[in-house]
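Notes below, in the order I looked.

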Amino acid sequence: MTEMELRNKVVKVMQGWLGWSEANGKFRAIIDLYNAQRPLPRGYRMGYGDEWCAATVTAAGIAVGLQDIILPECSCSRMLELYRSRGQWVEEDSYHPRPGDIVMYDWQDSGGGDDTGAPDHVGVVEAVEGPTITVIEGNKGEAVARRILQAGGRYIRGWCLPDYASKADKEDAMDYDTFKSFMDRYIAEQGSEPVDDWAAEAWEAAKKAGILDGTRPHDPLTRQEAAVILERLGLLD
């Protein structure tokens with residue numbers, strides 16, 4: 001099974017629990033699953049009156065047999081420390097999450113500077129589309145429900161990163177650093193290629209007009225580069 005398939009297994013469990021709540025009593029099955037693990041973290045058996053967001057994340061890991069990488073706890077603070085102790089905790093605003101990552105919140109975040117407060121709540125990333133992050137959380141309004149976030153937004157304390165790659169089939173697994181090294185090499189190779197004959201005349205004209213700088217003819221065009229080109233053509237006036 002690939003890393004992405006493992007991530008999606010956790011997400012699908014969380015999706016299956018959407019709507020389970022204290023009102024309909026279905027949340028009790030999540031608490032029961034948490035309490036079925038042996039040994040119990042810190043020997044603590046949860047009651048139905050306890051806050052259950054972290055227990056939901058833990059139970060999802062148990063449900064898919066990944067409790068050795070989705071580190072079990074019913075306390076947000078202690079869960080954070082478990083991941084920090086393994087070097088799997090990230091709190092940079094620039095981090096781009098993936099489905100199956102775990103987000104911690106701090107409701108006392110002022111929005112100014114780096115938040116270092118104690119975490120108050122936790123959920124599992126369901127999907128990421130550009131800067132928009134969809135999270136599924138236990139005990140959100142006393143139910144399993146979704147929340148929509150913006151990357152780098154206020155109240156995000158940081159990210160717990162289960163080591164899915166360690167459980168993936170080795171022939172299918174590729175970590176981010178390996179992928180990035182391939183991409184960097186590919187981009188460098190493309191950037192060193194000369195302009196094609198069919199585009200040479202237009203390329204020279206664009207250079208003379210100051211629209212392009214004459215380098216990297218085969219590189220992808222970024223949005224910011226497109227904006228500069230449009231401005232130089234006088235199309236943004």
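I'm working from a predicted model: local features need pLDDT of at least 70, side-chain atom pairs count only at pLDDT 80 or more, and totals for chains, interfaces and linings use all residues. Residues are numbered from 1 along each chain as its sequence is written, and side-chain values use heavy atoms, with hydrogens and water left out.

Salt bridges. I got 12 salt bridges for the structure (a side-chain nitrogen of Lys or Arg within 4 Å of a carboxyl oxygen of Asp or Glu). I checked glutamate 73 with arginine 42, which pair at 2.7 Å, N to O. Glutamate 73 sits in the loop between α3 and α4 and arginine 42 in the loop between α2 and α3, so the bridge ties together parts 31 residues apart in sequence. (Helices are DSSP runs of H or I, at least four residues; strands are runs of E, at least two.) Glutamate 73 is buried at 4% relative accessibility, while arginine 42 is partly exposed at 45% (buried is under 20%, exposed over 50%, partly exposed in between, with a 1.4 Å probe and protein chains only).

Next I looked up glutamate 91 and arginine 157, whose closest N and O atoms are 3.2 Å apart. Arginine 157 belongs to strand β6 and glutamate 91 to the loop between β1 and β2, so this pair links parts 66 residues apart in sequence. Arginine 157 is buried at 5%; glutamate 91 is partly exposed at 22%.

Helix pair. I found that α2 passes α3 in a left-handed crossing (the near helix is turned anticlockwise from the far one by less than a right angle).
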